[in-house]
Amino acid sequence: MFNRLISSFGLRRRCNVLLSPIAGKVIPLSDVNDQTFAAGLLGQGVAIEPSGNKVVAPSDSKIEAIFPTGHALALHTKEGLDVLIHIGLDTVKLDGRHFNVKAEVGQTVKKGDVLIEFDRDAIQSEGYDVTAPILICNSVEYASIKGNVGDTVSELDQLITARER
């Protein structure tokens with residue numbers, strides 16, 4: 001009973017922090033040149049203009065899905081976040097070119113493990129935007145999702161804070 005009382009006052013609200021899976025500049029999701037991502041239809045989050053060429057596990061996680069083209073993956077973190085990492089816009093049309101997947105569906109990965117390597121320059125030279133949306137797909141379970149917009153992050157720097165209800 002006492003725990004419910006404390007919880008009703010919001011005293012036990014916790015925050016889940018998602019570390020960055022990609023190095024680069026953090027921009028608002030609303031600035032992404034794709035309405036599905038910009039409108040938050042797949043979840044709340046941020047996007048990164050990558051400066052590197054790899055995606056690492058932002059937390060100890062289980063790989064839930066990897067697109068056959070290697071441009072996106074979904075994972076469930078030990079903290080309870082369902083995360084979608086999407087490398088570039090319309091990059092599904094590359095049919096896997098310039099992506100090297102290092103993980104597999106069902107695999108348990110450790111924070112920092114390399115999940116995907118990608119050739120950022122080759123993707124850009126083919127005319128694709130390499131902006132990478134990072135979404136919390138179960139964002140409706142949280143009171144707020146706040147990203148470090150405007151920061152330049154390295155892999156595993158703090159990226160998003162999800163405050164529990």
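The legends below describe close-up views of a predicted model.

**Figure 1. Overall fold of the chain.** The secondary structure of the predicted chain consists of three helices and 14 strands. The radius of gyration is 16 Å, close to the 15 Å given by the globule rule for 165 residues, so the chain is as compact as a globular protein of that length. Along the principal axes, the C-alpha trace spans about 60 × 30 × 25 Å. Of the 165 residues, 47% count as buried. The chain exposes about 8400 Å², and carbon and sulfur atoms supply 47% of that area. Among contacts between residues at least 6 apart in sequence, 71% join residues at least 24 apart.

**Figure 2. The open sheet of eight strands.** The strands of this sheet follow the order β9-β5-β6-β7-β11-β3-β2-β13, and their pairing is antiparallel. At the edges lie β9 (residues 108-109) and β13 (residues 152-153), each of which pairs on one side only. Strands of a sheet pair through backbone hydrogen bonds, in either a parallel or an antiparallel arrangement. Within the sheet, β6 and β7 run antiparallel and are joined by five bridges. In this pairing Leu75 stands opposite Val83 of β7.

**Figure 3. Strand β14 and its two partners.** Strand β14 comprises residues 158-164 and is mostly covered, with five of its seven residues buried. One partner is β1 (residues 15-19), which pairs with β14 in the antiparallel sense over five bridges. Here Cys15 stands opposite Arg163 in β14. Another partner is β12 (residues 142-147), also antiparallel to β14 and joined to that strand over five bridges. In this case Lys146 stands opposite Thr161 in β14.

**Figure 4. The largest nonpolar core and a separate core.** The largest nonpolar core holds 33 residues, of which Val55, Val83, Ile85, Leu115 and Ile134 touch the most other members. At least two residues of this core come from each of β3 (44-50), β5 (61-66), β6 (72-77), β7 (82-86), β10 (114-118), β11 (132-136) and β14. Apart from this core lies another, of eight residues, among them Leu29, Phe37, Ala47 and Leu135.

**Figure 5. Surroundings of Val83.** Val83 is one of the residues that touch the most other members of the largest nonpolar core. With neighbours within four places in sequence left aside, the contacts of Val83 include Leu73, Ala74, Leu75 and Thr77.

Figure 6. A disulfide is a covalent bond between the sulfur atoms of two cysteines. A search of the whole structure finds zero disulfides. The cysteine sulfur closest to that of Cys15 belongs to Cys137 and lies 20 Å away, too far for a bond. For Cys137, the closest cysteine sulfur is in turn that of Cys15, at 20 Å and again too far for a bond. The cut-off applied to a pair of cysteine sulfur atoms is within 2.5 Å. Cys15 is partly exposed, with a relative accessible area of 34%. Cys137 is also partly exposed, and its relative accessible area is 38%. In the strand pairing, Cys15 faces Arg163 of β14 as its opposite residue.

Terms used: Residues numbered from 1 in each chain as written. Predicted model: local features only at pLDDT ≥ 70, side-chain atom pairs only at ≥ 80, totals over all residues. Heavy atoms only, no water. Buried < 20%, exposed > 50% of the residue type's maximum accessible area, 1.4 Å probe, protein only. Helix = DSSP H or I, 4+ residues; strand = E, 2+ residues; numbered from the N terminus. Pairing = 2+ DSSP bridges. Core = buried A, V, L, I, M, F, W, Y, C linked by side-chain atoms within 4.5 Å. Contact = heavy atoms within 4.5 Å. Rg over C-alpha atoms; globule rule 2.2 N^0.38 Å. Areas by Shrake-Rupley, 256 points an atom, 1.4 Å probe, with all protein chains shown as cover.
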